[in-house]
Amino acid sequence: MILFQDQIIEREEVLIDLEDRGYQFGDGIYEVIRIYDGKPFTLREHLNRLERSADEIQLPLPFTLDEIAQHIITLIQRNSLHNGQVYLQITRGAALRNHSFPNEVNPVLTAYTKEIDRPFEKQLTGIKAILTEDIRWLRCDIKSLNLLGNVLGKQKAVDSGVDEAIFHRGELVTEGSSTNVFIIKNGVLQTHPPTNLILSGITRNVVLKLASELGIEVKEEAFTIHDLKEAEEVFVTSTTQEVMPIIEVNSTAIQKGTPGEITKKIQAAFSAEITLSK
Ligand code: PMP
């Protein structure tokens, strides 16, 4: 079943207009929310970010955050989703094709669920990544439907036989094509600050909180490609990947090419956080 505006309907019944601005301009925003044991994880944080993205693109939300939360919970129940994710997007709706906003905006909200298993094998072994220039726009803090830069980055990773593309602007690393990037350098956990150049990941923020609780020193400061390659440990975070070790960048192993000890500690703390939230 699909959430279409405030109704739960069959997928076949969903009617999206050919001139929906999401389809024509990527004019909309989205969120991916993880569900563990039938319960949304960090739902409030995702909804707050959704509201912020909407404000930043001047899109009036069609429902209150509490209403959206309730609809998401109903959708999870109707689909008997235990472990998986909810994908939710809101577009600026249908209008005659014209770049500027239509006079009358009728936003279109859709959401669907997908099952995912946990834990997943790659979290134990780690994944490989390549570096690629960050060619995206300068508002990466907005979770917009415009993902072409991310799509091209991820495809380059896949074509290179690896799982993730890590973006850099000149010498400075920003984030992954669908993840935030962390390094451990001299025992300090470091990641890009939440500026316009990255998405302020919900998982990122949980990890920063957990690391502080574990007594790990945390630094929100951009680091260089050199720092990344020489790091003691590297991992990426996202709603779907959780805390994912990076064991190789551009065919060069990170240290011994196995997940690091601090990374494993943070993974364990993240699992405990999930258990606590259920
Ligand atoms: N950066 C980008 C570009 C992303 O697409 C994502 C995943 N949506 C993230 C970071 C991680 O964000 P989150 O932890 O909220 O899933």
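**Note on the domain interface and ligand site**

1. The structure holds 19 salt bridges. The model is a predicted one. One of the salt bridges pairs Arg49 with Glu31, and their closest N and O atoms are 2.8 Å apart. Arg49 sits in helix 2 and Glu31 in strand 3, so this pair ties together parts that are 18 residues apart in sequence. In general terms, side chains of opposite charge can pair when their charged atoms come close.

2. Now the overall layout. The domain assignment gives domain 1 as 2–115 and domain 2 as 120–277. To the contact, domain 1 gives 25 residues and domain 2 gives 20 residues. The C-alpha centres of the two domains lie 26 Å apart.

3. How much area do domain 1 and domain 2 bury between them? The figure is about 1900 Å². Carbon and sulfur atoms carry 59% of it. On the domain 1 side, Tyr30, Phe41 and Arg49 lose the most area to domain 2. Together these three account for 33% of what that side buries.

4. Three salt bridges are counted between domain 1 and domain 2. Separately, Asp141 forms a salt bridge with Arg52, with 3.0 Å between the closest N and O atoms.

5. Which elements give two or more residues to the side of domain 1 that touches domain 2? They are helix 1 (21–25), strand 3 (28–36), helix 2 (43–56) and strand 5 (84–91). Strand 3 supplies the largest share, eight residues. By class, this side has nine nonpolar, nine polar and seven charged residues.

6. Last, the ligand. There are 17 residues around the ligand. Lys143, Glu175, Ile202, Thr203 and Thr239 come nearest. The side chain of Lys143 places an N or O atom 2.4 Å from a nitrogen atom of the ligand. For the side chain of Glu175, the distance from an N or O atom to a ligand nitrogen is 2.7 Å. Ile202 uses its backbone instead: an N or O atom there lies 2.8 Å from an oxygen atom of the ligand.

Key
Residues numbered from 1 in each chain as written. Predicted model: local features only at pLDDT ≥ 70, side-chain atom pairs only at ≥ 80, totals over all residues. Heavy atoms only, no water. Domains from an automatic or database assignment. Contact = heavy atoms within 4.5 Å. Buried area = accessible area lost by both parts, 1.4 Å probe. Salt bridge = Lys/Arg side-chain N within 4 Å of Asp/Glu carboxyl O. Helix = DSSP H or I, 4+ residues; strand = E, 2+ residues; numbered from the N terminus. Nonpolar A, V, L, I, M, F, W, Y, C, P; charged D, E, K, R; others polar. Near = heavy atom within 4 Å. Polar contact = N/O pair within 3.5 Å; in protein donor to acceptor, adjacent residues only side chain to side chain.
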